[in-house]
Amino acid sequence: MELILYSKPGCHLCEGLLEKLEMIEGLNFKLEVRDITSREDWFQSYQYEVPVLCINHCSQEKLLPRPSPRASVAQLQRMLRKYFPVSESK
């Protein structure tokens with residue numbers, strides 16, 4: 001399973017979410033961080049929305065609900081578990 005984090009340099013909310021995603025255990029996923037300033041289409045889509053978290057499953061990108069910046073690592077993990085097929089969990 002692949003998670004995609006759309007972010008931009010200097011975004012403290014993006015940095016906080018990335019830090020929490022890197023601490024998650026028990027879910028098997030690859031994390032791709034995309035800098036929205038590197039492509040005009042990403043910038044136009046997400047300039048007022050970052051951080052944006054998507055799941056890429058079977059080559060289809062699905063937007064996930066925005067987690068609260070106050071969410072703990074455990075809360076974020078529980079939220080993500082809803083979107084992972086059972087076979088993807090460790």
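**Close-up views of a predicted model**

**View 1. The buried face of helix α3.** In α3, the residues L76, Q77, M79 and L80 are buried, where buried means under 20% relative accessible area, computed with a 1.4 Å probe on protein chains only. Seen down the axis of α3, these buried residues fall within an arc of 160°, so they line one face of the helix; the arc is that of the directions from the helix axis to the C-beta atoms. The buried residues of α3 pack against β1, α1 and β3, with contact meaning heavy atoms within 4.5 Å. Helices (H or I, at least four residues) and strands (E, at least two) are DSSP runs, numbered from the N terminus. This is a predicted model, in which local features need pLDDT of at least 70 and side-chain atom pairs count only at pLDDT 80 or more, while totals for chains, interfaces and linings use all residues. Residues are numbered from 1 along each chain as its sequence is written, and side-chain values use heavy atoms, with hydrogens and water left out.

**View 2. The largest nonpolar core.** This core has 15 residues, and those with the most contacts inside it are L3, L21, L80 and F84; a nonpolar core is a set of buried Ala, Val, Leu, Ile, Met, Phe, Trp, Tyr and Cys residues joined through side-chain atoms within 4.5 Å. At least two residues of this core come from each of β1 (2-7), α1 (12-23), β3 (52-57) and α3 (73-81), and the largest share, 3 residues, is that of α3.

**View 3. R34 in strand β2.** R34 lies in β2 (residues 30-35) and is buried, with a relative accessible area of 14%.

Key
Buried means under 20% relative accessible area, exposed over 50%, partly exposed in between (1.4 Å probe, protein chains only).
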